[in-house]
Amino acid sequence: MMPRLFIVDDEAPARVRLKTLLSDIAATCPHQLVGEAEHPQGALDGIAATSPDIVLLDVQMPGMTGLELAKHLARLPLPPAVIFVTAYDEFALKAFEVHALDYLLKPVRAARLADALQRVGELRGKGGAPTPVPHSVRQHFSVQERGRLLLVPIAEVLYLKAEQKYVTLRTRSQEYLFEESLTSIEDELGATFVRVHRNALVARQAIVGVERGSASIDIESEHDKAQESWQVILRGIEERLPISRRQWPVVKALVK
């Protein structure tokens with residue numbers, strides 16, 4: 001079957017050039033171009049809708065790099081193979097850290113593009129499937145909402161709270177559900193979020209103070225007894241989150 005391709009580049013001339021090159025090599029490298037996008041959210045929507053086999057992805061884009069977008073693409077049920085197309089060779093190592101299958105420098109040559117597509121086709125024909133690995137710190141969470149994969153800037157997140165099998169992600173205006181564990185988020189983004197309870201991480205920059213709550217049972221204590229509780233106050237919302245006895249010294253140090 002002909003591979004299905006999708007182009008992501010914020011510059012219209014770059015997308016036009018890639019489409020011209022693809023037309024030039026169509027006889028020797030048959031393919032189907034199923035869509036294009038100029039920004040990350042449009043790319044996620046278009047790729048989810050068209051299920052391409054290969055994404056030709058720019059690295060330097062406003063709002064999000066192609067390196068980070070590749071990681072979010074890996075969360076799709078059928079993640080595509082990624083070929084990076086960029087004018088900057090210094091990103092090559094990072095591109096292969098997220099398991100990109102090739103890295104093309106602009107201006108791309110037709111023969112080089114054909115070679116990359118053929119290599120990817122051969123790999124996928126053997127059952128190869130790229131799985132990006134999060135080596136660098138991301139700037140967005142990707143969440144499912146009504147069948148879409150949405151990008152939520154990490155800078156807008158106030159807290160993440162584990163509830164049963166899901167994690168609730170809260171911004172000032174909205175709540176989302178997603179399936180990453182608090183432990184993995186804390187390991188990756190510990191400089192951004194602090195644990196206030198075993199079931200909650202809070203954005204450090206969102207903490208404006210603490211206040212006393214009512215007496216409660218400390219479920220993290222070895223002794224099942226009532227204690228005076230404290231709650232964290234977050235910028236922009238009325239909701240308060242409880243602070244466990246174990247995490248109280250850490251939170252207290254942040255609000256001194």
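The text below goes through the cores, then the sheets, then the aromatic pairs and selected loop residues.

**Cores**

The model is predicted. Its largest nonpolar core holds 31 residues. Which residues have the most contacts inside this core? They are Phe141, Leu160, Leu169, Phe178, Phe193, Val202 and Leu234. Strand S12, residues 200-203, gives the most to this core, with four residues. A second, separate core has 21 residues. Leu44, Met64, Leu69 and Val82 are among them.

Leaving aside residues up to four places away in sequence, Leu169 touches Phe141, Val143, Val152, Val157 and Tyr159, among others. The contact list also includes Leu160, Gln174, Glu175, Tyr176 and Phe178. Phe141, Leu160 and Phe178 in that list are also named among the core residues with the most contacts.

**The five-stranded sheet**

Five strands make up an open, antiparallel sheet. Their order is S10-S9-S8-S12-S11. Strand S10 (175-178) and strand S11 (193-197) are the edges. Each has a single partner strand, so one side of each is left without a neighbour in the sheet. On average, neighbouring strands are turned by 25° against each other, direction ignored.

S12 pairs with two strands described here. With strand S8 (residues 159-163), S12 pairs over three antiparallel bridges. Leu160 has Leu201 of S12 as its bridge partner. On the S11 side, four bridges join S11 to S12, again antiparallel. There, Arg195 stands opposite Leu201.

S11 and S12 form a hairpin, with two residues between them.

**The three-stranded sheet**

Another open sheet has three strands in the order S13-S16-S17, with antiparallel pairing. Its edge strands are S13 (207-212) and S17 (240-243), and each pairs on one side only. Neighbouring strands here are turned by 35° against each other on average, direction ignored. S13 and strand S16 (residues 230-234) share five antiparallel bridges. In one of these strand contacts, Gly209 has Ile233 of S16 as its bridge partner.

| Strand pair | Sense | Bridges |
|---|---|---|
| S8 and S12 | antiparallel | three bridges |
| S11 and S12 | antiparallel | four bridges |
| S13 and S16 | antiparallel | five bridges |

**Aromatic pairs**

How many aromatic pairs does the structure hold? It holds three aromatic pairs. Trp230 and Trp248 form a stacked pair, with 4.7 Å centre to centre and 20° between the planes. Trp230 lies in strand S16 and Trp248 in helix H7 (residues 248-254), so the pair ties together parts that are 18 residues apart in sequence. Elsewhere, ring pairs link Phe141, Phe178 and Phe193 into a cluster. These three phenylalanines are also listed among the residues with the most contacts in the largest core.

Asp58 lies in the loop between strand S3 (54-57) and helix H3 (66-73). Is Asp58 buried or exposed? Asp58 has a relative accessible area of 5%. The cut-off for buried is under 20%, so Asp58 counts as buried. Residues up to four places away in sequence aside, Asp58 touches Val8, Asp9, Asp10, Gly66, Phe84, Val85, Thr86 and Lys106.

H3 itself is mostly covered, with eight of its eight residues buried. They are Gly66, Leu67, Glu68, Leu69, Ala70, Lys71, His72 and Leu73. Leu69 belongs to the second core.

**Backbone points**

Pro107 lies in the loop between strand S5 (102-105) and helix H5 (110-125).

Ser51 sits in the loop between helix H2 (40-50) and S3. Phi of Ser51 is near 50°, a positive value in a residue other than glycine. At 39% relative accessibility, Ser51 counts as partly exposed.

Definitions and conventions. Residues are numbered from 1 along each chain as its sequence is written. This is a predicted model: local features need pLDDT of at least 70, side-chain atom pairs count only at pLDDT 80 or more; totals for chains, interfaces and linings use all residues. Side-chain values use heavy atoms; hydrogens and water are left out. A nonpolar core is a set of buried Ala, Val, Leu, Ile, Met, Phe, Trp, Tyr and Cys residues joined through side-chain atoms within 4.5 Å. Buried means under 20% relative accessible area, exposed over 50%, partly exposed in between (1.4 Å probe, protein chains only). Contact means heavy atoms within 4.5 Å. Two strands pair if DSSP finds at least two bridges between them. Axes are lines fitted to C-alpha atoms, for helices over the stretch in contact, and angles run from 0 to 180 degrees between N-to-C directions. Rings of Phe, Tyr and Trp (its six-membered ring) pair if their centres lie within 6.5 Å; planes under 30 degrees apart count as stacked, over 60 as edge-to-face and the rest as tilted.
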